[in-house]
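This report describes one protein chain as a whole and then turns to a single residue in it. The sequence and structure come first.

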Amino acid sequence: MSPPTHAQTVIIGGGVIGCSIAYHLARAGRKDIVVLERSKLTSGTTWHAAGLVRRLRPSATLTKLINYSIELYKELEQETGQATGWRQTGSLTLATNPDRMTNIKRQVSLGRAFGLEAEVVDATRAKEFWPLIEVDDVIGAVWSPADGRVNPSEVALALSKGAKARGVQFFEDSRVTGLRKAGGRIAGVEVDDHVIATEEVVIAAGLWSREVAQMAGAHMPLYACEHFYILTKPLPDVQALGRGAHLPTLNDQDAYLYARDDVEGLLVGSFEPHAKGISTTDLPADFSFDLLDEDWDHFMPMMENALRRIPALERAEVRMLLNGPESFTLDSQFMLGESPEVPGLFLMGGMNSTGIALAGGAGKAMAEWIIAGEPTMELNEADIRRFSPEMNVLGALEARIPEVLGRHYDNPYPGRTMDTARGQRRSPIHAGLVAADAWFEARGGWERAVHFGGEAAHLPLTFGVPAWREQVGREVEACRSGAAILDQSAFGKIMVQGPDACAFMNRLCCAQMDIADGRIAYTQILNAHGGIESDLTVQRHGPETYLMITGAGEVVRVIKRMRETKGASRVEFSDLTSGYAVIGLAGAKAREVLQATSFAPLPELKPFGFAPVEIGLARGWVGRLSYTGEEGYELYIPSDMAMAAHEALVAAGATHAGLFATGSLRIESGFRAFGHELTPGTNPLEAGLGRFCAMDTDFLGKQALTDHTPSRRIVSLLFEDADAIPIHDEPIYYGGKVMGQITSASWSYRFDRSVALAEFNAPLDRLNTQAVVDGFEVEIACTRFAARASLFPAKEAF
């Protein structure tokens with residue numbers, strides 16, 4: 001049977017991800033769905049996946065998605081009659097050094113925020129759970145009884161069976177050869193000479209997703225790596241467990257290994273440090289249920305680690321060394337969402353070896369996004385809009401992706417960054433920062449200076465007191481009492497022009513945009529549910545001209561929202577991010593230093609005003625505002641003159657401060673940050689930003705805020721104990737119950753202990769009536785620390 005000539009939704013890819021999206025769309029009532037598979041269902045990555053499903057993850061989003069997956073996999077067999085192979089075997093994660101122990105304890109604490117219980121055990125108990133392992137170097141472990149495994153192909157088939165029962169049509173041996181657009185929107189799918197007209201296309205084509213997306217001019221930055229595991233023949237040590245008995249999944253992350261029993265033998269896989277990337281152009285055109293060549297020379301170091309941990313392997317006969325390609329992303333998080341370039345084209349892929357565990361939850365999240373037109377849960381870390389087109393560079397993917405696989409088991413230390421594909425996007429004053437001994441992290445493709453102490457003030461990384469604490473303290477002091485240069489050039493800059501510019505901006509933004517020329521407004525852009533899609537400042541340069549300054553990494557999502565909002569408005573907008581540097585200058589001496597660079601008198605600016613300025617040999621404009629909460633300015637300089645401005649500032653006595661210093665000051669000042677306190681699931685009233693909403697204008701999302709009483713709030717936290725070092729997402733207890741989570745945290749040089757911002761859902765009555773509320777506890781790596789909370793900024797409240 002040939003595919004139809006029309007469908008409402010066409011899903012490209014018949015692996016577990018495509019099947020899950022189809023199943024959830026159909027279960028939600030969506031009709032007229034077609035799934036196209038280039039070969040046979042599950043023939044790409046799904047069939048050779050290891051099938052491990054582990055609940056405890058380093059983020060709230062991943063944990064929620066996987067919890068849903070597990071519950072779904074338990075129920076699918078009853079619904080469809082197709083087994084999924086679900087077995088709740090539990091998992092055991094080993095630690096052989098204190099930092100690994102801290103990391104897995106942190107995951108236990110995060111899990112408790114979602115009702116997931118896990119037990120910290122010693123080496124003796126660990127060996128009771130996994131009798132085959134050597135534990136002489138194990139200092140502890142975490143036992144997670146609710147984890148398990150599935151048969152990946154059976155999960156996909158169960159999902160497809162459930163989808164078919166609801167009317168979804170599947171077509172195998174249907175390779176997509178082209179995508180059609182009309183008016184810039186997706187309009188059709190080509191399968192050789194056959195065309196399916198459609199309103200929506202979902203690309204879930206695994207390894208080939210990037211190439212399929214390019215057919216429509218969309219960007220999907222992922223790349224494949226070879227992934228290895230061995231399968232042994234039956235082993236007496238495993239057979240001795242008894243019929244039907246199973247070992248837990250073993251995670252020995254310090255040795256880069258995972259293992260489980262398999263058909264009375266063992267499966268042992270690795271995320272080896274020196275991974276091997278592979279281009280899809282190197283795969284045969286008919287690659288289906290296929291594997292890559294064995295490479296024992298490459299796998300042997302991992303095999304030696306496995307023999308050390310599981311001595312019984314010395315007596316095992318290896319059945320095969322499986323080498324299957326899997327796709328990964330630049331930041332090791334999967335991607336999903338509507339293409340920013342092509343409306344109606346939805347993308348999901350780059351599962352980073354967690355596709356089976358995530359398939360149920362992520363497929364549901366994708367289906368809900370397609371139907372609602374917006375994400376229905378917090379998905380920022382996976383949102384496709386975090387990737388700009390500049391990041392979809394093949395050279396960067398080929399360099400970075402093997403490192404992503406190789407660092408899959410890295411401890412997520414503060415200050416950790418990738419080493420490959422560096423220097424892609426550099427600030428116009430990058431050379432000046434290098435000369436000042438900046439230490440850079442790669443963030444969203446940009447080189448961002450986090451402090452100015454060089455390598456000596458950065459390494460070794462730790463979950464404890466970081467090497468940069470004293471250096472950042474000096475930078476914080478410069479931001480307060482001196483004049484510190486803050487490179488903010490990665491901020492997005494979007495120019496809006498046209499006769500309808502003011503009306504358009506008032507529709508797009510929730511603050512009043514009919515401001516005077518030379519003024520700056522702080523605002524948010526909301527979605528239909530009132531959630532925050534971006535926070536930004538807006539400058540008015542004339543009756544028909546505005547300049548939007550967005551956070552780094554927000555340009556793609558903001559421009560997408562602007563296109564959706566434009567309608568018939570007579571406006572045009574342009575991305576000027578690469579055209580200008582943004583140089584912050586913070587501190588009590590900022591004006592003095594700035595004046596010393598200029599022969600002309602500085603303009604007398606009120607807060608949130610801006611005016612033209614000369615800095616040394618450069619011209620630009622200066623705004624009176626600072627993200628530090630201290631006295632300061634922002635300078636907007638054409639990129640080709642930015643180094644001249646920087647040199648003049650340094651000659652006048654300015655020093656430098658990095659992101660770690662500004663982060664500490666931001667949190668003390670109670671300033672919210674997108675991706676932390678501000679998300680598409682958080683509205684301005686919950687974030688304490690209702691005063692920036694002009695309820696007399698007709699902005700997007702206004703209806704959702706009308707008569708809304710927040711059931712949660714963003715608060716400031718101050719820890720009592722200087723030994724408490726939170727990072728992100730730690731659960732907060734009040735009265736013995738979880739009442740919130742940390743959203744941002746840093747060391748406070750004002751209080752000599754950690755300070756944080758957090759999202760609370762109780763006790764709002766006390767927080768609304770008392771300046772400071774005691775009695776909170778924050779769990780960090782299974783230890784609870786006392787803290788006080790306030791709705792006011794920490795530097796004012798405590």
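A polar contact is a pair of N or O atoms within 3.5 Å; within protein, one of the two must be able to donate a hydrogen and the other to accept it. In this predicted model, the side chains of Ser626 and Thr628 are joined by a polar contact of 2.7 Å.

Ser626 is found in the loop that runs between strand E30 (618-623) and strand E31 (632-638). Because its relative accessibility is 17% and buried means under 20%, Ser626 counts as buried. Leaving aside residues up to four places away in sequence, Ser626 touches Ala586, Gly632 and Phe671. Met300 lies 326 residues from Ser626 in sequence, and the C-alpha atoms of the two are 54 Å apart in space.

Along the principal axes, the C-alpha atoms fill a box of roughly 85 × 65 × 50 Å. Among contacts with a separation of 6 or more, 71% are between residues 24 or more positions apart.

| Property | Value |
|---|---|
| Residues that count as buried | 61% of 798 residues |
| Accessible surface | about 29300 Å² |
| Surface belonging to carbon and sulfur atoms | 50% of about 29300 Å² |

As for charge, the protein chain has 76 positive and 100 negative side chains. The centres of these two sets lie 4 Å apart.

Terms used. Residues are numbered from 1 along each chain as its sequence is written. This is a predicted model: local features need pLDDT of at least 70, side-chain atom pairs count only at pLDDT 80 or more; totals for chains, interfaces and linings use all residues. Side-chain values use heavy atoms; hydrogens and water are left out. Buried means under 20% relative accessible area, exposed over 50%, partly exposed in between (1.4 Å probe, protein chains only). Contact means heavy atoms within 4.5 Å. Accessible areas come from the Shrake-Rupley method with a 1.4 Å probe; for residues, only the protein chains shown count as cover. Lys and Arg count as positive and Asp and Glu as negative; His and the chain ends are not counted. The place of a charge is taken as NZ of Lys, CZ of Arg, CG of Asp or CD of Glu. Helices (H or I, at least four residues) and strands (E, at least two) are DSSP runs, numbered from the N terminus.
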